[in-house]
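Student: I have a structure open and would like to go through it. Can you help me read it?
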Amino acid sequence: MRKYGDEVYKLQYYADDILGSEGMQYSKTNKHHGEVSVYNHSVDVALISLKLARRFRIKVDEKSLVRGALLHDYYLYDWHEPDESHRLHGFSHAKKAFINASKDFDLNDIEKDIIIKHMFPLNLSLPVYKESVLVCLADKISATKDYSKQMTWVKEHKEALKNYIKANR
């Protein structure tokens, strides 16, 4: 590695093929949490996972951690579109992401576990590897960040929103 803690470099070093893939490029067009794309969320989860491992001095397989984190939401559809198959997205997308990632990439056991188990405790299967636990935590941290940005926007524009609602009744 170039220097200790250079998470962005590690993303490119370990997963340039994933970042440039057709599926990941498509994920830039799909919103995940509010205005955040699936792509940006996945990159954020990978970066947070690396930072957590470094911060808590947890020895991990960094390559598997990064690749699994990037692919954890590789479900390749817009779950906001009305479609019966998206109805239980929170419960089913990990399996869909795993199926898609398995078709497009060679996955090792850690990467598979990360993708399948990242929705714990919503999905009841416990993560087996420390990398899976880190991605599970990083996913929750990233989602909280994404939604808190929206709440900040709402607070900042509260008066304008009230006026808009009054005007459009």
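Predicted model: local features only at pLDDT ≥ 70, side-chain atom pairs only at ≥ 80, totals over all residues.

Student: How many helices and strands does the protein chain have?

Tutor: Eight helices and two strands. These are DSSP runs numbered from the N terminus: H or I of at least four residues for helices, E of at least two for strands. Along the sequence the pattern reads α-α-β-β-α-α-α-α-α-α.

Student: How do helix 3 and helix 4 cross?

Tutor: The axes of helix 3 (residues 38-55) and helix 4 (residues 62-71) come within 8 Å and cross at roughly 150°. Axes are lines fitted to C-alpha atoms over the stretch in contact, with angles from 0 to 180 degrees between N-to-C directions. Helix 3 is therefore roughly antiparallel to helix 4, a term for angles over 145 degrees.

Student: Which residues make the contact?

Tutor: Contact means heavy atoms within 4.5 Å. Helix 3 brings S42, V43, V45, A46, S49 and L50, and helix 4 brings E62, L65, V66, A69 and L70.

Student: New topic: is D44 buried or exposed?

Tutor: D44, which lies in helix 3, is buried, with a relative accessible area of 16%. Buried means under 20% relative accessible area, using a 1.4 Å probe and protein chains only.

Student: What does D44 touch?

Tutor: Leaving aside neighbours within four places in sequence, D44 is in contact with S142 and K145.

Definitions and conventions:
Residues numbered from 1 in each chain as written. Heavy atoms only, no water. Parallel < 35°, antiparallel > 145°, perpendicular 65-115°, else oblique. Buried < 20%, exposed > 50% of the residue type's maximum accessible area, 1.4 Å probe, protein only.
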